[in-house]
Amino acid sequence: MISVVYLAHGPKRLVDTAVFSALTLTAGARGIDHPWRLVVYTDRPERFTGCGLECETPPLARLREHSGVDYPHRLKILALRDCARHYEGGILYVDGDTYFRSSPEPLFARLSPTTSLLHTREYSLSEDLRPELHRIVRTGAFDSPILRGARSQPDLAMWNAGTVGIDAANTRLIDDVL
């Protein structure tokens, strides 16, 4: 079972964009064999259910009480972690401004213990392109051995997280991301 996760909160226009995305997902997923569920962390569940979308709507407040720092993108990671803790199977996180033009089946099929998904490689971290971030990665005092190891990688890839796919075997790694 794959949980397709959306985080949709704040202004109505942002929530409605996620509703549209979920509708394109549902239309594309008609008739596929792979079992999946829709999980939406939102402060407006009626926008989703009012459009006929069958979805789980865990409380958004559950994420906010564990956010720790005021960094909005951290909520994405907390949604992934919460979903992994409450629902069995793999996870496909989808940003609300992403939409489906065809079936999500190929994405579901690609997830495996050896394959995770990210949307698009955006750039390689360099001193010229992002000097401040480059400096932090190269000189930061990180607790994580993974982040300490990133210091020595000359072309550290930076990925867009508009779509993130994680097989059930790898959801334990989400805590490392936090």
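Residues are numbered from 1 along each chain as its sequence is written, and side-chain values use heavy atoms, with hydrogens and water left out. Because the model is predicted, local features need pLDDT of at least 70 and side-chain atom pairs count only at pLDDT 80 or more, while totals for chains, interfaces and linings use all residues.

Helix α1 covers residues 12-28, and its 17 residues should span 24 Å at 1.5 Å a residue, which agrees with the 24 Å between its end C-alpha atoms; the expected span is 1.5 Å times one less than the number of residues. Helices (H or I, at least four residues) and strands (E, at least two) are DSSP runs, numbered from the N terminus. Among the residues of α1 that are buried are V15, A18, V19, A22 and L25, where buried means under 20% relative accessible area with a 1.4 Å probe, protein chains only. An α-helix has 3.6 residues a turn, so residues three or four places apart point the same way. The cover over the buried residues of α1 includes the elements below.

| Element | Residues |
|---|---|
| β1 | 2-8 |
| β2 | 36-42 |
| α2 | 45-49 |
| β3 | 90-94 |

D82 belongs to helix α4, residues 74-86, and counts as buried because its relative accessibility is 7%. Beyond its neighbours within four places in sequence, D82 is in contact (heavy atoms within 4.5 Å) with Y41, P58, R62 and L63.

Strand β5 gives the most to the lining of the largest pocket, with 9 residues.

Terms used
Buried < 20%, exposed > 50% of the residue type's maximum accessible area, 1.4 Å probe, protein only.
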